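User: I am new to this structure. Please take me through some of the labels used for it and the grounds for each.

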Amino acid sequence: MNEKPWAVEVDDIIKQVKTSRDGLNASEAEGRLSKFGSNEITKKGGTTPLQIFLEQFKSFLVIILIFAAIISAGIGISRGSEEDILEALAILLVVVFIAITGFIQEYRAEKELLALRDIVSPTALVIRNGKKEEIPAKNLVPGDVILIEAGDRIPADSRLLNVINLKVDEASLTGESIPVEKEISILKADTTLGDRKNMIFMGTNATYGKATAVVINTGMKTELGKIAEKIQTMEKEKTPLQMRLDMVGRQIGLIVILLCAIIFFAGTLGGRDPIFMFLVAVALAVAAVPEGLPAVVTVTLARGMRLMVKRNAIVRKLTAVETLGSTDIICSDKTGTLTRNEMTIRKLFINNRNIDVTGGGYKPEGEFLIDGKRIDSKTEELQLLFRIGTLCNNASLEKTGSGWKITGDPTEASLIVAASKAGIGQSQVSEKFPRIAELPFDSVRKRMTTIHKTPEGGRIAYVKGAPDVILTLCRYIYDKGTERELTIEDREKILSMNDIFAGNALRILGAAYKRLDHMEDFTEDSERDLVFVGLLGMIDPPREDAKKAINICRKAGIKSVMITGDHKLTAIAVAKEMNMFREGDMILTGVELEEISDEDLEKIVENVIIYARVSPEHKLKIVKALKKKGHIVAMTGDGVNDAPALKKADIGVSMGITGTDVTKEASDMVLTDDNFASIVSAVEGGRGIYDNIKSFIKYLLSCNIGEVMTIFIGVMTLPRLPLLPLQILWMNLLTDAAPALALGWNPADPDIMKRRPRNPKEHIITKDTLMRFIGVGVLMCAGTLIIFNHYLDINGEKAQTMAFTTLVMFQMFYVLSCRSERFPFFKVGVLSNRYLIIAVAFSVLMQIVVVNLPFFQTIFGTVTLSIEEWLLAIIVSSTAFFIPEFLKYRK
């Protein structure tokens, strides 16, 4: 079979698929169904729930935690130590919590192919054995002849045989905002998907007219099926956060193994009991590994997901929250994302005057302006122009609970909306001028005419269509309430204004009328000697909120790129109106993208702002090129055509209202209000969450370094351990839980949207941050050991209790300083994060309980401290707050 049926004559295609205009017979159809398979989107081996659950245990940190728990449990069982068993259970509890949370959040991602099945038409009207027959769409085979009418969903990719005014909405596949007028003439072999006017495609919708077509491809061989194939076979790459956390985990793991080995061998060679030294090494591992890190990251991201819902964004994958915050390029579909996907009349030309029309979308509210000044919409010429637009029309507009809904062609609907702004109601004017007959629009005539009965009992023809065609049929012009001869000068002015409108990417219609004699037959001759009334220019307008969002993105160092199936001029006009496009910016079309190599595209991809007339393959090619240049790419879209690119992008953002289920399920985030501005809010949230993740990594690692140094130096230089194993476990539980989690509730810093996006290669732990972590750790270690040494000669248990309490208080003071990395604690507000204050107060209270209550003293080996001893611990440990805060003021 020819792989390019649009470039082959109809009769040749019929021969190639071995069928006829009378369709297949039942036995032939059955044989082909066995050969080609069902006309369905099939799912190839996906990931099972068990596999998703097991994936959660591949993190290096989680592996270390499991290993530590096994060793601790083994020692506890062999020695009959409840402390070691308790320690193992606590660690395993954290591991299970991490796994369950990750599993719940990611399970839905494997359901995305089910949505593709739902998009296919459930039934199809075919000709078999020369008779019309309705069959399940899944039983269609290549060679079937199908019948299509307005309102039908196209069941398979097909070549048109006969067409009667057929228009198909292909926005979900190509991004084209206006229904495509179909024809049967042969096309060039290199015609792009959006321009294949003699083809219809699975999953698109017929909005007007009728047609007969022969099925060429079904199921996974269709354009929709190819997209499904890409989604199924595409590997989702790790996010920047995942890669950074994995690196942190490996670094910590290697350091922990090295330190434990050094301590174990140093102690053993120094004459200490090997079993005792092994216990010390395990205790050190527990102290060194930030058990709370994976859990805190998971909980913070999950909380971020809940907050995003309030920002009109549903995040489907945990790590996508942070990834959005690091995005530096947003590739956005034009139709329905940057624009409203609602054709709107913007310009009128009547009585030699250029009139602006305000308002947007299908809401019938707006004004009529000349040079910025409001004019009366009740003038005779405006009422006539909109009467023609409303009556020579097969669309309708109705109010619903959620807004305004159109039925029919969006271009015709825009005429009804504009007429409503001028006070002309469709139902009222239709009653006043009932329709008698119609000459429908087609691609050859390029006009539509309707005949109406006038209130006086006469007949009148209303005509709309391509301005150049309408002008050739006009002999007169309606000028200031009267009809007069149409002059050459009039024609030149009208055509000149038509060119100006077209240069601004407006779609233009001309309107005219003719009064008919009672005895005149209604033929195409009724369209001669018309009276020209005016021009109407329309466009799919940009979203106002999207304009503001793009400006904010620019200030935040985020580049916006338009990728659309629309024409080049339309894309440029919208981009200019949104301040996306400036002199010197590059534009590429789908044809140019076909011809350019991947290597050449990579050289210029960072300079291109607009991609016009592109196919799904092109969008994927663009995203790949940007990612190869090191960018973190977000792709927004709502159509089926966007799904592969959304899945390939670092973060895919789909539209919740107009978006298809396929796109939603392939994406990382869904905008519930379809508003581009919600992306900006999500970016801010993502940046804030990443700052919070960095804050508690800074907190946990600094504190763990302090704990490790205290134990390491104590083992190597002191006769007694500064901390007991259970005290280490308690301290980790106390400091790694509530305070660390509370850092996830930090509000974003005031300057968060004035910063440039992070370098995607930036490590969470750099040399500078590591030195700061070590500096804080040294401070905690020094303060704790000084206190320990001071009390060691007095009482060993008192010394351990003081060291234990001082190290806990060090961490409580330091967590307050971690509230913001850039702004001092008192500048961001003491109560800006109330959860942090509550967490610190709770942790201090629990430490008081462990130190002072006899029951816990027995378990943890503590003794009661006096008020003076508590004050000493507080004074020494408060340096972990005041020194970092002082350094912030110096910046």
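Analyst: This is a predicted model.

User: Why is threonine 450 called buried?

Analyst: Its relative accessible area is 0%. Buried means under 20%, so threonine 450 is buried. Threonine 450 belongs to strand β17, residues 447-453.

User: What is threonine 450 in contact with, leaving aside its neighbours within four places in sequence?

Analyst: Its contacts there are Leu391, Cys392, Arg435, Ala437, Glu438, Ile460, Ala461 and Tyr462.

User: What makes the link between threonine 450 and histidine 452 a polar contact?

Analyst: The two side chains are joined at 2.8 Å. The cut-off for a pair of N or O atoms is within 3.5 Å, and 2.8 Å meets that distance.

User: Why does isoleucine 774 count as partly exposed?

Analyst: Isoleucine 774, in helix α29 (residues 767-792), has 32% relative accessibility. Buried is under 20% and exposed is over 50%, with partly exposed in between; 32% therefore makes isoleucine 774 partly exposed.

User: Which residues make the nonpolar surface patch with Ile774?

Analyst: Leu770, Met771 and Val778 make the patch together with Ile774, and its area is about 330 Å². Patch residues need over 30% relative accessible area, a cut-off that the 32% of isoleucine 774 passes.

Definitions and conventions:
Residues are numbered from 1 along each chain as its sequence is written. This is a predicted model: local features need pLDDT of at least 70, side-chain atom pairs count only at pLDDT 80 or more; totals for chains, interfaces and linings use all residues. Side-chain values use heavy atoms; hydrogens and water are left out. Helices (H or I, at least four residues) and strands (E, at least two) are DSSP runs, numbered from the N terminus. Buried means under 20% relative accessible area, exposed over 50%, partly exposed in between (1.4 Å probe, protein chains only). A polar contact is a pair of N or O atoms within 3.5 Å; within protein, one must be able to donate a hydrogen and the other to accept it, and residues adjacent in sequence count only if both atoms are side-chain atoms. Contact means heavy atoms within 4.5 Å. Patches are made of residues with over 30% relative accessible area and no salt bridge: like charges are joined within 9 Å, nonpolar side chains (Val, Leu, Ile, Met, Phe, Trp, Tyr) within 5 Å. Accessible areas come from the Shrake-Rupley method with a 1.4 Å probe; for residues, only the protein chains shown count as cover. A salt bridge is a side-chain nitrogen of Lys or Arg within 4 Å of a carboxyl oxygen of Asp or Glu.
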